[in-house]
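The exercises below concern helix packing, a nonpolar core and a chain contact. Work through each task before reading its solution.

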Amino acid sequence: MQQAGNNNKAFSLKTRIKRLKRDINKWSVFTLAIVFFLALPIIFIGVELFAGPGETWGHIVDYLLLDYIWNSLYLVLVCSILVLLLGVSSAWFVSRYDFLFRKQMEWLLILPLAIPSYIVGYAYAGFFDYGGSMDLLFRQLGLEFMRIDIMNRAGLAFVLSISLFPYVYVSARAFFLNQANNLLEASKMLGVGELKTFFKLMLPLARPAIVAGLVLVLMEVLNDYGAAKYYGVNTFTTGIFRSWFSLEEPQTAVYLSALLICFIFALILFEKWQVRKIKFTSSKTNSNQIQRKRPKGAMKWLIFSVVFLPILLGFILPVAQLIYWAVITASTVFDMEFIMISLQSFAIAIASAVITVFFALVLIYFSKWSTLTTIKNISRVGVLGYAIPGAVIAIGIMIPTLALDKWLINILGNFGIDSGLIINGTLLALFYAYAVRFLAVAYNPIDSTALKVDNSIPDSSKVLGVGNLKTFFKIDFPLIKTGVFSAVILVFIDVMKELPLTLILKPYHIDTLAVKAFEYASDEMVMEASIPSLFIIFTAMIPVIFLNKLLIKK
Amino acid sequence: MKKLILAIATISLVISCGKSKKNENTATEETTKEQVVNVYTHRHYEPDQNIFKMFEDKTGIKVKVINASADELIQKMKMEGKQSPADVLITVDAGRLSRAKDEGLLQSIESEVLEKNIPAHLQDVDNQWFGLTKRARIIAYAKDRVKPEDLSSYEALVDEKWKGKILVRSSANIYNQSLMASIIANDGEEAAKTWAEGIVANMARSPKGSDRDQVKAVVAGEGDIAIVNSYYIGKMLNSPDAEEVKTAQQIGLFFPNQEDRGTHINVSGAGVAKYAPNKENAIQFIEFLIGKEAQQVFTEANYEYPVLESVEPVKDIQAWGDFKEDTLGLNKLGENNKKAVLIFDAAGWK
């Protein structure tokens, strides 16, 4: 292949087509079909680009664009630093050391993911604002002049980092747990110190896993609307909403989305590029786990605090604030309906998680089995949905599905059947939208575990005449199981928290907790929003604990 | 492998549940011809649920609700076209209603009840939408630092003496956009622009947070006055959080422009969808919303001003006294909305 690549330029168009014909197989076709299906909403939005931007584009460039770019860059930069510090350090300590409450903290560290970041934003604003708990404490201490203002750009970066760092934590820890033992022993035998082992050996090796988590975080950061709007920070996403809804120009919003997508695309390329530089060969999943060290003295407390701090800031504080609000509003807000809504949210989230992961698996493996080399890159187009605001995707989904619905209505009408809308306003459209939106969340953990599978095993299975699908179920799947279930759980949590898309596409009489929380929060009833928020957190906690069990199991 | 089977079983279970539910629905609809009204609403207030229940109990018509922002609902209706199941669109501002009208999403209806009970400037000239409740955009001031005599109109806020004293939320907020739209309609575009620049120059801080946060910032001393909606003060005075109640008690309410056109008001309103499958139910529903019972709930639970004159506003807001309201036709708010946003951007009002 390498040689063929070098001679590429020598090929005439004719030979290229010949090669294409030779290399294309049914898996390539399937992959293309699925990518097309998942990219359809994005394509429909992309087509809008050719219509040119709206008339206010010039106005946006003059007054707002610089602000959007600058703020988004700031958030990307500051969140990267904070998230890496929090996520990698805690992942390393819980994998390498044994200390007080380690087992509990291992899963507590994932819990911040269970809180929608805009809720964390509200909680922190409530905590620090006038009459908030922190303010009252300062007043008690006679420090009235000390008021911490969190509602600004730096505060937003803090809030987003503290609620999203578990993406990095989860992927970094999975690497440390599964891969690190042999390397650590080797390093120990060679007499290399602890710090040096970490910085010279573990960190570079864990980089692909860490960056995969980081890319997810940054997509979420760029996509955040609720917190940025509340904290008064203008970003691309708030700009998209503004130009679409306040300026009434969908085309301008699409242009901003396109810029944002370029941004995200650059991030993805960066990730690919840096992973390519490190080729894994020692990639068999390690069966023996890390031998944890027991730190002593001051070190013990240092490690404990480093691990505890993110839990305190990302989970305990915001949840405490929410519980306080819930207690004072419980009588007006709570009723049995909440149990029903929780069950509905749970069922929808599980179903869409499984569907999304199915698509991710299919994409990853079909493109693997396809002999067409470029198909892997094409399949990556499918993950772009994560970069696009939920509201935009919802519109991208409505255009084609409504056309299909109308066509079906016509056809069925000929037979005298009044069918109404079959796809829109049903769970089907919602599941489709979630799959488009969250494919990246499922794709990355599976892809990174699949990368570690030594290809020689499935390859020998195929040489022995076993088909692709059978090989997958018998050999690949058991090897990547952890990745697959992590993916299911991550998508599950994301769907539990998802808002704009659900608002637009949800069927009548199906409510989700996130919708309920938003209804309150959007009318400044932040306190009343605390009860549905807590329900989201507790519903999402169950699979999070399950995820943790999966990751640490041998 | 087992887990995979389990997972697949879960999906099929959930999907079959969804399907069987759907079947049940269609089955009941066919047998009993259940009466429904499909409501697209931007009002996310809990008391509304009670009003819908009251309507169901009274008429036997089932209220089915989709909650989202008005902009998203308008997009949705546009795309659904003739197939849209929406019967009624409810928004929290007049601007969005008049936009829905311009997009051809609403229809004119004839209803003597609505015609008679809703003041002319609070309903559409073509009877495509009707105001349900009023809210005033007022000036909240720190009682200990500001004398109400120093306040007069929105326009006067650009005066030097308010430098670094004004708190107001982001221009992304529809209530600010509507206020600006009304200033464009009353004073003209040029004056509106100068006004926006003057306010930006006098701001105590860069706009952020909600209306409630502006009130808190006044009490915290970050500024002296805030431009906010009336009903948030009502809500704060009745908040379950004792600190918030204390905060609201330190605030005075001023209705601007009493000497001239009156205080800017906006309505939350409703219209019947162009392709409403249940038009009669929709009309009945809107008539119920401006009935005495519903109006009572609106004002008692949400501290809004009722549009029905025979219903007294709740005690808390009566205490603020009567005021003269700007009777500008609310259609103007929709027409000037985009101009308002452009002016905000150019003036640097975040």
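The model is predicted.

**Exercise 1.** List the residues that A:Leu439 touches, leaving aside those up to four places away in sequence. Then place A:Leu439 in the largest nonpolar core.

Solution. Step one: with residues up to four places away in sequence not counted, A:Leu439 touches A:Leu38, A:Thr356, A:Phe359, A:Ala360, A:Gly382, A:Val383, A:Gly385 and A:Tyr386. Step two: the largest nonpolar core has 267 residues, and A:Leu439, B:Val88 and B:Ala140 are those that touch the most other members. Step three: helix H16 (residues 337-369) of chain A gives this core its largest share, 17 residues.

**Exercise 2.** Classify the packing of helix H19 (residues 427-452) of chain A against helix H21 (residues 468-497) of chain A, and describe the contact.

Solution. Step one: the two axes come within 8 Å and cross at roughly 155 degrees. Step two: angles over 145 degrees count as roughly antiparallel, so H19(A) is roughly antiparallel to H21(A). Step three: the crossing of the pair is right-handed. Step four: H19(A) contributes residues including A:Tyr434, A:Phe438, A:Val441 and A:Pro445, and H21(A) contributes residues including A:Ile480, A:Val484, A:Leu490 and A:Asp494. Step five: by class, the contact of H19(A) with H21(A) has 13 nonpolar, 5 polar and 1 charged residues.

**Exercise 3.** How many residues does each chain give to the contact between chain A and chain B, and which element gives the largest share of the side of chain A?

Solution. Step one: chain A gives 50 residues and chain B gives 49 residues. Step two: the elements that give two or more residues to the side of chain A include helix H4 (57-63), helix H15 (297-333), H16 and helix H18 (390-414). Step three: H18(A) supplies the largest share of that side, 7 residues. Step four: the side of chain A that touches chain B divides into 28 nonpolar, 12 polar and 10 charged residues.

Definitions and conventions: Residues are numbered from 1 along each chain as its sequence is written. Chains are lettered from A and ligands numbered from 1 in the order in which they are written. This is a predicted model: local features need pLDDT of at least 70, side-chain atom pairs count only at pLDDT 80 or more; totals for chains, interfaces and linings use all residues. A nonpolar core is a set of buried Ala, Val, Leu, Ile, Met, Phe, Trp, Tyr and Cys residues joined through C-beta atoms within 7 Å. A residue is buried if 20 or more other C-beta atoms lie within 10 Å of its own, exposed if 12 or fewer, and partly exposed in between; C-beta atoms are placed from the backbone. Helices (H or I, at least four residues) and strands (E, at least two) are DSSP runs, numbered from the N terminus. Two residues are in contact if their C-beta atoms, placed from the backbone, lie within 7 Å. Ala, Val, Leu, Ile, Met, Phe, Trp, Tyr, Cys and Pro count as nonpolar, Asp, Glu, Lys and Arg as charged, and the others, Gly among them, as polar. Axes are lines fitted to C-alpha atoms, for helices over the stretch in contact, and angles run from 0 to 180 degrees between N-to-C directions. Angles under 35 degrees count as roughly parallel, over 145 as roughly antiparallel, 65 to 115 as roughly perpendicular and the rest as oblique. A crossing is left-handed if the near helix is turned anticlockwise from the far one by less than a right angle, and right-handed if clockwise.
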